[in-house]
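Jotting things down as I go.

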Amino acid sequence: MRDYFADDLLLIMPTTHSPGVRLSGEVVSTHRGPLALALTDQTQTQTDDRDRAQTDEILIDLTGVRYLANSGLETLVAFAVHLQPPQCLVVRSAPDLDLHDRIAARGWDRIETLRLEEESGA
């Protein structure tokens with residue numbers, strides 16, 4: 001993956017210990033492209049110079065996100081829908097984003113390749 005993406009509202013960085021990305025700031029509609037590109041880059045990890053192996057879980061850490069526009073959420077769901085089990089998009093978020101309700105309201109909670117992990121509001 002490219003090392004990072006940054007603008008006035010959002011910072012996207014690769015995670016250090018697993019395939020995935022960490023976001024900080026606010027995700028608005030103009031971030032759909034960079035977000036999709038960052039996730040796509042994480043679907044494969046380099047195992048050596050000649051070989052690429054598929055990863056089963058791609059993490060997107062939204063715990064540093066204050067606002068997630070519906071277009072950003074739709075980008076995450078569209079990415080997850082195109083994964084093939086056992087691959088899965090793991091979305092880690094803070095309770096403030098209300099992702100459980102937002103996802104369930106659209107029936108997206110039944111998508112096998114999308115898993116939500118909400119961190120406690122401690």
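I started with Arg92, which is partly exposed at a relative accessible area of 25%. Keep in mind that this is a predicted model.

Who does Arg92 meet in a salt bridge? I found Glu117, at 3.4 Å from N to O. Arg92 sits in strand β7 and Glu117 in strand β8, 25 residues apart. Glu117 is partly exposed too, with a relative accessible area of 28%.

Next I checked Arg115, whose side chain meets that of Glu57 in a salt bridge of 3.1 Å, N to O. Arg115 lies in strand β8 and Glu57 in strand β6, so this pair ties together parts 58 residues apart in sequence.

Glu26 is partly exposed at 26%, while Arg66 is exposed at 60%. My count of salt bridges comes to 6.

Last entry: helix α2, residues 70–81. I get a span of 16 Å from first C-alpha to last, close to the 16 Å expected for its 12 residues. Its buried residues include Leu73, Leu76, Val77 and Phe79. Among the elements covering the buried residues of α2 I listed β3, β6, β7 and β8, plus helices α1 and α3.

Methods
Residues numbered from 1 in each chain as written. Predicted model: local features only at pLDDT ≥ 70, side-chain atom pairs only at ≥ 80, totals over all residues. Heavy atoms only, no water. Helix = DSSP H or I, 4+ residues; strand = E, 2+ residues; numbered from the N terminus. Expected span 1.5 Å × (residues − 1). Buried < 20%, exposed > 50% of the residue type's maximum accessible area, 1.4 Å probe, protein only. Contact = heavy atoms within 4.5 Å. Salt bridge = Lys/Arg side-chain N within 4 Å of Asp/Glu carboxyl O.
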